[in-house]
Amino acid sequence: MSMKVATRQVDGVMVLDLSGRITLGEGSVTLRDAIHDVMAKGSKKILLNLGNISYIDSSGIGELVSAFTSVKNAGGDLKLLNLTKKVHDLLQITKLYTVFDIWDSETSAISAFK
Amino acid sequence: MLEPIQRSGFFLKKKPPSTHAPTARELRFCSQGTRLHDSTTSRVSLTLPSSLESVDTIEHTAQGFAARAGFDEDTVPNIAMAVREAAVNAILHGNSYNPAKQVTASFEANSDALVVRIADQGTGFDPGNIPDPLAPENILRGSGRGIFLIRAFMDEVHFRQLHPGTELTLIKHRTPAQPAA
């Protein structure tokens with residue numbers, strides 16, 4: 001299953017609802033393009049909802065990191081929402097859990113951008 | 001030497017155990033890609049082109065093979081991920097997607113462990129020269145975590161230089177919760 005992205009705006013924050021697999025190839029490219037698109041439209045507050053991400057590999061992890069640094073370098077902020085256990089564990093062992101700002105509640109995550 | 005058989009667009013090569021001639025029973029189980037009893041070994045070997053589709057094929061084969069070998073539902077995805085990362089390394093970094101180069105993946109399960117070997121036909125690399133992805137200067141890099149994840153999920157990882165290419169051997173030992181029978 002390839003990755004799909006749905007975007008919506010909540011209180012000035014661009015929420016990207018991701019589903020499927022973020023892996024080398026299509027999944028990573030889809031995420032990269034989606035981040036590029038919302039940034040090109042002026043969004044600098046981005047919340048990635050990973051609740052329906054079934055699988056992520058090292059390429060996908062790298063793409064999350066690249067998205068994070070791109071948004072930060074543009075003066076914005078990127079947070080993660082609803083990690084599955086698998087993604088949570090991967091971010092733990094790669095020590096990225098403390099790099100990202102991670103939330104379980106969308107309302108709280110949106111508030112944290114302000 | 002047994003002849004490879006064409007199956008679903010890729011070669012499923014049956015290999016006899018190195019220590020003795022295969023029995024009829026072993027050959028029957030090998031051809032089905034399923035596990036054998038304690039004293040025997042199940043083996044599957046694939047030779048595939050350097051493509052992303054091959055990465056998926058190797059990953060799915062690893063997942064099914066590990067499950068049939070009796071590894072639990074938490075361990076099987078980790079094995080599959082480690083094998084996927086090894087396949088990505090072989091095809092992307094080793095063979096550089098060169099259509100003239102192939103990747104081989106062999107899977108072996110015995111009473112002690114699952115052993116996976118992934119080999120490419122690239123120029124080789126120095127495993128001692130891989131940057132630590134956990135180091136502060138590397139933590140925000142967009143790549144370089146594949147070998148780290150392989151080592152995190154497998155019990156043993158060995159590198160062997162081929163001529164040309166690199167072979168990674170990934171080993172996952174059975175635990176008491178994953179009996180051989």
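This is a predicted model: local features need pLDDT of at least 70, side-chain atom pairs count only at pLDDT 80 or more; totals for chains, interfaces and linings use all residues.
In chain A, five strands make up an open sheet, and their order is E1-E2-E3-E4-E5. The pairing in this sheet is mixed. Strands of a sheet pair through backbone hydrogen bonds, and they do so either parallel or antiparallel. Which strands lie at the edges? They are strand E1, residues 4-10, and strand E5, residues 101-103, of chain A, and each of them pairs on one side only. On average, neighbouring strands of the sheet are turned by 25° against each other, if direction is ignored.

Let us take one pair of strands in detail. E1(A) and strand E2, residues 13-22 of chain A, run antiparallel and are joined by seven bridges. As an example, Gln9(A) has Met14(A) in E2(A) as its bridge partner.

Two helices pack on this sheet. Helix H1 of chain A, residues 26-40, touches E1, E2 and strand E3 (45-56), and its direction makes about 170° with that of E2(A). Helix H2 of chain A, residues 58-73, touches E2, E3 and strand E4 (77-81), and its direction makes about 145° with that of E4(A).

I now move to chain B and its helix H2. The 17 residues of H2(B), at 1.5 Å a residue, should span 24 Å, and the end C-alpha atoms are 25 Å apart, which agrees. Which residues of H2(B) are buried? They are Ser54(B), Val55(B), Ile58(B), Glu59(B), Thr61(B), Ala62(B), Phe65(B) and Ala66(B). Viewed down the axis of H2(B), the buried residues fall within an arc of 165°, so they line one face of the helix. After H2(B) comes Gly70(B), with a positive phi near 100°.

Next, the contact between the chains. Chain B contributes 16 residues to the contact and chain A contributes 14 residues. On the side of chain B that touches chain A, helix H2 (52-68), helix H3 (75-94) and helix H4 (146-153) of chain B are the elements that give two or more residues. Which of the elements gives the most to this side? It is H3(B), with four residues. By type, the residues of this side of chain B are 10 nonpolar, three polar and three charged.

Finally, the backbone. Most residues other than glycine have a negative phi, and most peptide bonds are trans. Asn82(A) is not a glycine, yet its phi is positive, about 60°. Asn82(A) sits in the loop between E4 and helix H3 (85-93) of chain A. Is Asn82(A) buried or exposed? A residue counts as buried if 20 or more other C-beta atoms lie within 10 Å of its own; Asn82(A) has 21 within 10 Å, so Asn82(A) is buried. Tyr97(B) also has a positive phi, near 60°, and lies in the loop between H3 and strand E4 (102-109) of chain B. Because Tyr97(B) has 13 C-beta neighbours inside 10 Å, Tyr97(B) counts as partly exposed.

His163(B) and Pro164(B) are joined by a cis peptide bond, with omega about 5°. Pro164(B) is placed in the loop between strand E6 (156-162) and strand E7 (165-173) of chain B.

Thank you for your attention.

Key
Residues are numbered from 1 along each chain as its sequence is written. Chains are lettered from A and ligands numbered from 1 in the order in which they are written. Two strands pair if DSSP finds at least two bridges between them. Axes are lines fitted to C-alpha atoms, for helices over the stretch in contact, and angles run from 0 to 180 degrees between N-to-C directions. Two residues are in contact if their C-beta atoms, placed from the backbone, lie within 7 Å. Ala, Val, Leu, Ile, Met, Phe, Trp, Tyr, Cys and Pro count as nonpolar, Asp, Glu, Lys and Arg as charged, and the others, Gly among them, as polar. A residue is buried if 20 or more other C-beta atoms lie within 10 Å of its own, exposed if 12 or fewer, and partly exposed in between; C-beta atoms are placed from the backbone. The expected span of a helix is 1.5 Å times one less than its number of residues. The arc is that of the directions from the helix axis to the C-beta atoms.
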